[in-house]
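Welcome! Below is a short briefing to read alongside the sequence and the 3D view.

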Amino acid sequence: MEKFYPKEFAQFFFFTHVDESKSSDLSIEAIALFSKLQRSSLYSRQTDQNFVRATYRIWKKYPVRISYSSPLPTLSPEVISRKGGSQLNSWAYFLAHLRHEEYLALIWSEVFSISSSDLAQALNESQGTIQYRLQKGLIKIGQYLKKQGSL
Amino acid sequence: MKPAEIKKTAPLLKYQESLKSSFFSKEKLFEFFKGELSPADRKITEDFLSGSLPLRQELEYMVMGQSFMSELKALQVSEKALARIQVAKPLTWDLRQRLDFSEWSSGLRQSAGIIASALVALGIFLTVPWGNLYHQLTQQKSKQIVLVEAPRIQSELDLSTYEKQEKPEFTDEKEVAKTSPADHVVPTPAAKAPVSQIPKPVAEKNPSVPSENRDTSAPQAAGSRGYLYRSRIFISNLQDTKPKITEKIIELGGRKAGDVALGWKKTPESAYYHFTMPENKLAELNQFLALYGESKIVKEKHPRVMAQGIIRLILEFEETKP
């Protein structure tokens, strides 16, 4: 991804929090941080990594509160009716049942096509760890979907 | 190795190979799934997968998961939510994105640099008030002319200052000297003071101001409403007598009137007293001075008016010449 615009930030936080208004608020903060990182001498030109750094730092500041015990967020019909909106209920379920490292890695990798090496550098983890998280996340989603399909 | 030994070790090797490929394939399953393996590694994994149901199932789940994520990716945030970010985002956001020079081509960068330089030069040209600047520069030139003249003026000032320093600051005395130098019964040294130090207004208005020697009852010139008492006394042993005179003057209520102290040594053999004192003590002062020599205090007209009952005196004592 060459450039990140507000749309990408909003989309990230929409997937992590399943809340449009919250995604806007968090995006504003993340964009400011991203701009700062882009200007810094240490991280300049690391656009993909800076996107991960900025979104992860803001996500940690305002972690999602979806858990096993809490009810899944209520989604408006307007959102559900959008393209891909039908998957949002399942995604909300995954947010509650996947480890946050797994679903965050899935969003960065599968939605924004950020390479596992960039993710590893941005999160200060090994590439193998990132690949493991992605693999586990995808398997868990597949298992759930298969189970739902068989039912 | 004998053929029998080979037969014995063959199953073990096969098992070891199997373990190795199992471990490898599990580890590399994600890379296999992403298509990032080399052809040789891919062949090993495919061979293993064909005989491993759990791994095939995992691969199937991963494909399903990826498919789900691809569908989810299509889900976009509403324009309304984006508009909130657009409004709230820093004003410099778009500007920074557009002014990111590193993203520009080198030709575009050079052109932009030239245009920017030209604009800056044009801005300076239009902004600088050339008219005022020219005016200031020409003024500076005229100031330079003044500066050239300044040394001459300065030298005059210096001279006047020098003259001022040289003479005693008793303007009243000089006025008298100027106005009537020839009329003095006893010429005072102060009368020889530089002419430049004499205040002109009185001198010009009254070229014939009556001197100390004239009758004090003579018609008073315009502006000369005060009086000055003056005397010049010759005494012997001035150095010993001077402290006594000073003490007496102070005792009579005398106060220094000029800039110099009472008994100022005007010349090596003289003492100068310029002071004020109560008028009713004048007789007593006369009596005292008579003890040391012939004293004749003359009352002169003077423009300076003293307070009621206070008189101003200038007494000059000189050593009697043998």
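## A first look

S113(A) counts as partly exposed because its relative accessibility is 48%; buried means under 20% relative accessible area, exposed over 50%, and partly exposed in between (1.4 Å probe, protein chains only). This is a predicted model, in which local features need pLDDT of at least 70, side-chain atom pairs count only at pLDDT 80 or more, and totals for chains, interfaces and linings use all residues. Residues are numbered from 1 along each chain as its sequence is written, chains are lettered from A and ligands numbered from 1 in the order in which they are written, and side-chain values use heavy atoms, with hydrogens and water left out.

**How confident is the model?**

- The scores for the model are ipTM 0.87 and pTM 0.48.
- Chain B has a mean pLDDT of 72, and 60% of its residues reach 70 or more; pLDDT is the predictor's confidence in each residue, from 0 to 100.
- Within chain B, confidence is highest in β3(B), at 90, and lowest in helix α10 (residues 200-205), at a mean of 41.
- Over residues 159-222 of chain B, pLDDT stays under 50, and the model has 96 contacts beyond four places in sequence for them. A contact means heavy atoms within 4.5 Å.

**Chain B as a whole**

- Chain B has 12 helices and 5 strands. Helices (H or I, at least four residues) and strands (E, at least two) are DSSP runs, numbered from the N terminus.
- Of the 322 residues in chain B, 32% are buried.
- The accessible surface of chain B is about 20,700 Å², and 58% of it belongs to carbon and sulfur atoms. Such areas come from the Shrake-Rupley method with a 1.4 Å probe, and for residues only the protein chains shown count as cover.
- Taking the contacts in chain B between residues at least 6 apart in sequence, 71% join residues at least 24 apart.

**A nonpolar patch on chain B**

- I115(B), L119(B), L122(B), F125(B), L126(B), W130(B), L133(B) and L137(B) make a nonpolar surface patch of about 830 Å². Patches are made of residues with over 30% relative accessible area and no salt bridge, with like charges joined within 9 Å and nonpolar side chains (Val, Leu, Ile, Met, Phe, Trp, Tyr) within 5 Å; a salt bridge is a side-chain nitrogen of Lys or Arg within 4 Å of a carboxyl oxygen of Asp or Glu.
- Helices α7 (106-127) and α8 (130-166) of chain B each supply at least two residues of the patch, and α7(B) gives the most, with 5 residues.
- F125(B) is found in helix α7 of chain B.

**Around helix α7 of chain A**

- S113(A) sits in the loop between α6 (100-111) and α7 of chain A, and has a positive phi of about 55° although it is not a glycine.
- In helix α7 (residues 116-123) of chain A, the buried residues are S116(A), L119(A), A120(A), A122(A) and L123(A).
- N124(A) is found in the loop between α7 and α8 (127-150) of chain A. N124(A) is not a glycine, yet has a positive phi of about 60°.
- With a relative accessible area of 71%, N124(A) is exposed.

**Two buried strand residues in chain B**

- H274(B) lies in strand β3 (residues 270-278) and is buried, at 4% relative accessibility.
- The side chains of H274(B) and R312(B) make a polar contact (3.0 Å). A polar contact is a pair of N or O atoms within 3.5 Å; within protein, one must be able to donate a hydrogen and the other to accept it, and residues adjacent in sequence count only if both atoms are side-chain atoms.
- I314(B), in strand β5 (residues 310-319), is buried with a relative accessible area of 0%.
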